[in-house]
Amino acid sequence: MWVVCAFCGYMCMGVVCLLLDVCLPVQWKAQGRRSYFTVREWLEALGVSLFNLFVTSWTVSIPYTWMWKYDDHMIKQSDPLNIYVEALKFAGCVVVIEVWFYVTHYALHTPVLYARIHKMHHRFKAPVAVASMYAHPVEYAVGNLMGVILGPILTNCHPMTSYVWIFNSLMTTGGSHSGHKLFDAEFHDAHHQYFDYNYGISGVTDFVFNTLWEGSNKWKQLQMKKHKLL
């Protein structure tokens with residue numbers, strides 16, 4: 001079931017953003033005309049993403065499914081669902097993925113791991129939604145999917161909550177890679193464009209560890225150049 005939720009979240013955002021790419025003017029894109037793929041790039045990104053979803057993901061999902069099925073402490077599908085408790089657990093999932101993604105993403109930018117693993121994802125300096133899972137299998141399993149699955153495990157949320165969480169996670173990661181200002185893609189676009197900034201998801205962990213793009217010395221230098229040109 002979780003694979004269906006993930007696939008639906010990924011494809012919903014991918015198709016919506018493809019339609020927006022066709023219909024909206026270039027001014028709506030964070031990096032302007034750079035924020036478009038060729039048909040070949042789009043299909044390649046789609047193929048790699050679907051491979052990760054349907055093949056690589058089982059390395060993480062099988063242990064989680066086993067735990068959910070056989071661990072008596074885990075909440076089951078038949079258990080009652082308290083909407084207020086589940087809302088708090090959903091918020092807990094948000095915190096878990098923010099911290100997990102920042103730490104693993106920052107680690108992937110060390111020279112050894114970047115060259116062997118993360119460089120693949122950074123092939124696109126101006127990504128689109130379907131490239132959200134365009135990554136090395138190790139990065140996808142450990143850095144991406146594990147962060148999504150870890151929240152429901154640690155919070156022991158109801159399976160229905162985990163389904164909504166997984167769908168939402170794939171939707172939002174597609175939006176952050178879409179290049180569309182409509183989905184607040186500027187934050188992650190800045191990471192792909194300038195590399196050493198905006199490692200996290202919301203900006204909270206980047207603020208804590210002083211890795212935000214906006215306000216950095218390089219950002220200030222670019223702002224000064226823009227003002228001089230004006």
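Rings of Phe, Tyr and Trp, with the six-membered ring standing for Trp, are taken as a pair if their centres lie within 6.5 Å. By this rule the count in this structure, which is a predicted model, comes to 12 aromatic pairs.

**First stop: two tyrosines in helix α4**

Select Tyr 102 and Tyr 106 and show their side chains: these two rings form a stacked aromatic pair, with 6.0 Å from centre to centre and 15° between the planes. Both residues belong to helix α4 (residues 83-108), where they are 4 residues apart, so about one helical turn separates them.

**Second stop: Tyr 194 and Trp 213**

Next, select Tyr 194 and Trp 213, whose ring centres are 3.8 Å apart and whose planes meet at 10°, so this pair is stacked. Planes under 30 degrees apart count as stacked. Tyr 194 is found in helix α8 (residues 186-194), whereas Trp 213 sits in the loop between α9 (204-208) and α10 (217-229), so the pair ties together parts that are 19 residues apart in sequence. With a relative accessible area of 21%, Tyr 194 is partly exposed, and Trp 213, at 9% relative accessibility, counts as buried.

Most residues other than glycine have a negative phi. Asn 198 is placed in the loop between α8 and α9, and with a relative accessible area of 3% it is buried.

Then move to Asp 184, which is likewise not a glycine and has a positive phi of about 55°. Asp 184 is found in the loop between α7 (159-176) and α8, and its relative accessible area of 53% makes it exposed.

**Last stop: helices α1 and α2**

Two packed helices are described by the angle between their axes and the distance between the axes. Select residues 2-23, which make up helix α1, together with residues 39-56, which make up helix α2: the two pack at an angle of about 165°, and their axes are 11 Å apart. Angles over 145 degrees count as roughly antiparallel, and the angle here therefore makes α1 roughly antiparallel to α2. The crossing of these two helices is right-handed.

To see the contact itself, show the side chains of Trp 2, Val 3, Ala 6, Phe 7, Tyr 10, Met 11 and Leu 18 on α1, and those of Trp 42, Ala 45, Leu 46, Ser 49, Leu 50, Leu 53 and Phe 54 on α2. Sorted by class, the contact of α1 with α2 consists of 13 nonpolar residues and 1 polar residue, with no charged residues.

Terms used
Residues numbered from 1 in each chain as written. Predicted model: local features only at pLDDT ≥ 70, side-chain atom pairs only at ≥ 80, totals over all residues. Heavy atoms only, no water. Axes fitted to C-alpha atoms, helices over the stretch in contact; angles between N-to-C directions. Parallel < 35°, antiparallel > 145°, perpendicular 65-115°, else oblique. Left-handed = near helix turned anticlockwise from the far one by under 90°. Contact = heavy atoms within 4.5 Å. Nonpolar A, V, L, I, M, F, W, Y, C, P; charged D, E, K, R; others polar. Phe/Tyr/Trp six-rings, centres within 6.5 Å; stacked < 30°, edge-to-face > 60°. Buried < 20%, exposed > 50% of the residue type's maximum accessible area, 1.4 Å probe, protein only.
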